[in-house]
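Welcome! Keep the 3D view open while you read.

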Amino acid sequence: MFHKILIANRGEIAVRIIRACKEMGIATVAVYSLADRDALHASLSDESYCIGGNKVSESYLNMSAILTIAQATGAGAIHPGYGLLSENAKFASLCEKCNIKFIGPSAEVISKMGDKDQARRIMKNADVPVIQGSDGVASNDEAFKIAKKTGFPVLIKARSGGGGKGIRRVDKETDFEKAFLIASNEAQAAFSDNAVYVEKFLHPVKHIEMQIIRDHFGNVVTLGERDCSVQRNNQKQIEESPSIFLDSKTRERMAEDAVKATKAVDYRGVGTIEFLVDKDGKYYFMEMNTRLQVEHPVSEMVTGIDIVKWQIRVAAGIPLAFSQKDVKVFGHAIECRINAENPDKNFMPSAGRVTLLHIPGGPWVRFDTALFQDYFVPPFYDSMIGKLIVHAATREEAIRKMKASLCELVIEGIDYNKDLLMDILSNSEFEDGTYTTDLVARGVR
Amino acid sequence: MIKRNQFRKPKNKLEGSVKDFSLPKISENLCCNCPSCKKIVFFEDLKNNLGVCPICSKHLRIKARERIQYIADENSFVEMFEDLKSKNILQFPDYDDKLKNAQIQSKESEGVITGVCKILGIDCCIFSMEPLFMMGSMGVIVGEKITRLFEYAQKNNMSVIGFTVSGGARMQEGMMSLMQMAKISAAVKKHGEKGLLYIAVLCDPTSGGVTASFAMSADIIAAEPDALICFAGPRVIEQTIRQKLPSGFQKAEFLLEKGFVDIIVKRTEQKKFLFNMLRLNSGGLKDDCL
């Protein structure tokens, strides 16, 4: 087991990882930006060091500073959390070169799965269903031919894409060329790679993902699925597990395909296979996230397995202590992302001092956050400031519990999205589980 | 506000077997400090960015062969006159040792590499001066190799592209090295009289006899950003005239403003620029080249 881990992240996920390390007896090193000098993760860890200015490019993405701190403190491993450097193949490779264990898959796997087009081809070869589209990167003319063959609407997607950038939806033939150029230029600007491919645009769909964990001995286990279809601008808002939309046969097949996908790239660690599911229940591989997910707590709640601890154990070379038959999904869990933004002002991000904080409690209510009273929410980072997770025996009870817990949550001093979440939870499509990814865009109020 | 020592450390023993993980070690070959912005830069990033600092865009000095590799099409470069090597003609003290050290340090036999290559499919002659070989100083052999290259280009109706990086004439070869200025200039003139193109790319630093001869006699004089281009360097001038020089004096941008340099081209854009010039010279430029 590692003696000391450096956590190259901030906010609630850094706190979540530090907590796991404390339970495991592992010493922790936090790194923080100037704006985060009073942040909880910096106080909670055993050691903490400032690594740069307010911008993430100066601090949390400052690879040389992070590696220097790791060496100076003797941290044998780096946990990247999610976002930031978590899917950065270059950083993973630098860690390998510096004799530091990157808690995540190898640089090679990150790179393979980061190339969305390559990932798609690997999955197709592994017999995992993929969305109809081009086999590989396409030029304008080739892409147009494929789009015509596939049938409009189509999506033009950047090979190195992520975060919704470099994606263009094309509804008719005459718009294709323009959209192709825009997507290609956007991809070049955002990822320094203008290669794009074409995929059929499925609509309406559900976004359902499988949590997997695979150790270095070939043992692989799925920890159930998560329905993450409540989204706004491709950003998830509410996640739940299990998905009531899937029948048991589809769930079983999806789990089998997730295992196939994991084996196809010889994946090690925790990861997520994301699928799009159409109204007939047919599902297609969308992408693989080679890291811990924001919404991992819902899977933890229904399985009772601490995913972060197991991620660290697997990285340390410890075999999984449970097999698939030991994993029992019990009850239902829901997570709401608490974002510091104002839905009434076009989701304008909100920053400021938290003057009053009341965190909901009671049985099977969990609030993952780095907030505390008198904390100043800095304006430089992602607007997610907390995750409220509840667990109950049935979905209906979980929704009730979530509503009650949200009402109990009080954060004064900043704007946040509680009312929108309440509206979503009371929406009839959400209640009956038929909601799709366009629910928020269509309006829930 | 929560203080740094607010939370007590739980008395939990390290779980599982205590396996000794070796400590992290940052290899010396991993990164360096940019001499301009002083920030840490990974060698891999520097290489991918053609030796330009990805943070401050400083064009760092690169080896002559690397430069050719960035400019020439893959496997298209054929070296010429590589057998010519400097001798201590004047029996100048310690020159033999300096030559040996320069060869070891630069892994090159001389201060310039000459040959032919293709740039995006167009044939041309190319020379590139080696900063690690006595700061690309111009001795008899450097002069001879460049002269022969111009003569070869003239005979075969080829354009010449030259990357100059030099501290000037090689002191250890005295008058013989200064003679190279006239010799190369004559070869450049004959090449030019035949209507053939010569493009010089002035890199940091281009100074002394090199500036005073073939660097400044090209048809098109391009320069890398922030390159020092001078005859006598700024420190020498300051000490002589006892006056503070204006900021940016003798830098590529300053020379562009004064008309000594035609264009400043970033290293990452040099291949396309040179291709466009060669293409234009050989009879036309299509829209897609611009």
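## Before we start

Two strands count as paired if DSSP finds at least two bridges between them. With that in mind, look at strand β14 (residues 332–339) of chain A and strand β21 (residues 384–392) of chain A: eight bridges join them, and they run antiparallel. Please note that what you see is a predicted model.

## Chain A at a glance

Chain A contains 15 helices and 22 strands. Its C-alpha atoms fill a box of roughly 60 × 50 × 45 Å along the principal axes. How does the radius of gyration of chain A fit that of a compact globule? For 445 residues such a globule would have a radius of gyration near 22 Å, and the 21 Å of chain A agrees with this. Of the 445 residues in chain A, 52% are buried. If you take the contacts in chain A between residues at least 6 apart in sequence, 64% join residues at least 24 apart.

The domain assignment divides chain A into domain 1 (4–103), domain 2 (132–200) and domain 3 (206–442). Between the centres of domain 1 of chain A and domain 2 of chain A, taken over C-alpha atoms, there are 36 Å.

## The eight-stranded sheet

Now find the open sheet of chain A, in which eight strands follow the order β13-β12-β9-β10-β11-β14-β21-β19 with antiparallel pairing. Which strands stand at the edges? They are β13 (283–289) and β19 (365–369) of chain A; each has a single partner strand, so one side of each is left without a neighbour in the sheet. On average, neighbouring strands of this sheet are turned by 25 degrees against each other, direction ignored. Helix α11 (residues 307–315) of chain A packs on the sheet and touches β9 (206–214) and β12 (269–277) of chain A. The direction of helix α11 of chain A makes about 125 degrees with that of β12(A).

Strands of a sheet pair through backbone hydrogen bonds, either parallel or antiparallel. Is β21(A) enclosed or open? Nine of the nine residues of β21(A) are buried, so this strand is largely enclosed by the rest of the structure.

## An exposed residue in chain A

For a contrast, turn to A:K148, which lies in helix α7 (residues 140–150) of chain A. Why does A:K148 count as exposed? The limit for an exposed residue is 12 or fewer other C-beta atoms within 10 Å, and A:K148 is exposed because it has 12 within that distance.

## Chain B

Chain B has nine helices and nine strands. The box filled by its C-alpha atoms is roughly 85 × 55 × 45 Å, taken along the principal axes. Of its 290 residues, 38% count as buried. Among the contacts in chain B between residues at least 6 apart in sequence, 66% join residues at least 24 apart.

Helix α7 (residues 234–241) of chain B is hardly covered, since the count of buried residues among its eight residues is zero. Just after α7(B) comes B:R242, with a positive phi of about 55 degrees.

## Where the chains meet

How many residues of chain B are in contact with chain A? There are 26 residues of chain B in contact with 27 residues of chain A. On the chain B side, the residues that touch chain A divide into 13 nonpolar, six polar and seven charged.

One place to look is B:M1, in the segment before β1 (31–33) of chain B. B:M1 is exposed, with 10 other C-beta atoms within 10 Å. Leaving out residues up to four places away in sequence, B:M1 touches A:D38 and A:D374.

Notes: Residues are numbered from 1 along each chain as its sequence is written. Chains are lettered from A and ligands numbered from 1 in the order in which they are written. This is a predicted model: local features need pLDDT of at least 70, side-chain atom pairs count only at pLDDT 80 or more; totals for chains, interfaces and linings use all residues. Domain bounds come from an automatic or database domain assignment. Two residues are in contact if their C-beta atoms, placed from the backbone, lie within 7 Å. Ala, Val, Leu, Ile, Met, Phe, Trp, Tyr, Cys and Pro count as nonpolar, Asp, Glu, Lys and Arg as charged, and the others, Gly among them, as polar. Helices (H or I, at least four residues) and strands (E, at least two) are DSSP runs, numbered from the N terminus. A residue is buried if 20 or more other C-beta atoms lie within 10 Å of its own, exposed if 12 or fewer, and partly exposed in between; C-beta atoms are placed from the backbone. The radius of gyration is taken over C-alpha atoms; the globule rule is 2.2 Å times the number of residues to the power 0.38. Axes are lines fitted to C-alpha atoms, for helices over the stretch in contact, and angles run from 0 to 180 degrees between N-to-C directions.
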